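Subject: Structure for your review

Dear colleague,

Please find below the structure that I am handing over to you, together with its sequence.

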Amino acid sequence: MFEADDAVVGLAVRAADSRMSSRRGAMCLLCHTVQPADRISLFTARRVGEAGRNGNTVGTYVCADLDCAHRVLAVPPSALSLPEELQLLAVAEQAEGLRRRLRGFAADVLRR
């Protein structure tokens, strides 16, 4: 669940049954965290309306533990040497990016 346009949006997602190899790296498409690929899963959500009833889904690769909200609160390595106020700005930008990508995913699911 997340807030979008002053409303709470909840989506039912399903994780893929299989995992990628831990010997490769992969990036979560929501929080943009790079980690071992076995910690990233394909999550799908059924589209709304007739498309969903026909079995159409929308999917994206996401942290398998769904902990993106906490990951974006960490100061990115590229900002660690910056002054604290710039580190806070970097974290705020990461959080806004997560919100924007969540809204985009939800819009794809809700598109008729």
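Please note that the model is a predicted one.

Overall architecture

The protein contains seven strands and three helices. Read from the N terminus, its elements follow the order β-β-β-β-β-β-α-β-α-α. The C-alpha trace spans about 50 × 40 × 15 Å along its principal axes. The protein has 112 residues, and 30% of them count as buried. Of the contacts between residues at least 6 apart in sequence, 46% join residues at least 24 apart.

Charges and salt bridges

Five salt bridges are present in the structure.

One of them involves Arg99, the residue of the opening question: its partner is Glu96, and the closest N and O atoms are 3.2 Å apart. Both residues belong to helix H3, which covers residues 84-110. Glu96 and Arg99 are three residues apart there, about one turn of the helix. Glu96 has 31% relative accessibility and therefore counts as partly exposed. Through salt bridges that share partners, Glu96, Arg99 and Arg103 are joined into one network.

A further salt bridge links the side chains of Arg71 and Asp65, at 2.9 Å from N to O. Arg71 is partly exposed, with 24% relative accessibility. Asp65 is also partly exposed, with a relative accessibility of 47%.

Asp17 and Arg14 form another side-chain salt bridge, with an N to O distance of 3.6 Å. Both Asp17 and Arg14 are exposed.

Arg101, a buried arginine

Helix H3 also holds Arg101. This residue is buried but has no salt bridge. The nearest side chain of opposite charge is that of Glu96, 8.9 Å away, whereas a salt bridge requires a nitrogen-to-oxygen distance within 4 Å. Beyond its neighbours within four places in sequence, Arg101 is in contact with Leu29, Leu30, Cys31, His32 and Gln94.

Two of these contact partners, Cys31 and His32, are taken up below.

His32 is placed in the loop that runs between strand E4 (25-27) and strand E5 (34-36). With 39% relative accessibility, His32 is partly exposed. Apart from neighbours within four places in sequence, His32 is in contact with Met27 and Arg101. His32 and Val62 are 30 residues apart along the chain, and their C-alpha atoms are separated by 8.9 Å.

Thr60 belongs to strand E7, which comprises residues 57-63. Its relative accessibility is 12%, so Thr60 counts as buried. When neighbours within four places in sequence are set aside, the contacts of Thr60 are Leu29, Ser41, Leu42, Phe43 and Phe105.

Cysteines

How many disulfides does the model contain? The count comes to zero. The cut-off matters here: a disulfide calls for two cysteine sulfur atoms within 2.5 Å. For Cys31, the closest cysteine sulfur is that of Cys63, and the distance of 3.6 Å is too far for a bond. Cys68 is likewise in no disulfide, the nearest cysteine sulfur being that of Cys28, 3.5 Å away.

Are Cys31 and Cys68 buried or exposed? Cys31 is buried, at a relative accessible area of 7%. Cys68 is buried as well, and its relative accessible area is 5%.

In brief, the points I would draw to your attention are the network of Glu96, Arg99 and Arg103, the buried Arg101 without a salt bridge, and the count of zero disulfides.

Yours sincerely

How values were computed
Residues numbered from 1 in each chain as written. Predicted model: local features only at pLDDT ≥ 70, side-chain atom pairs only at ≥ 80, totals over all residues. Heavy atoms only, no water. Buried < 20%, exposed > 50% of the residue type's maximum accessible area, 1.4 Å probe, protein only. Helix = DSSP H or I, 4+ residues; strand = E, 2+ residues; numbered from the N terminus. Contact = heavy atoms within 4.5 Å. Lys, Arg positive; Asp, Glu negative; His and termini not counted.
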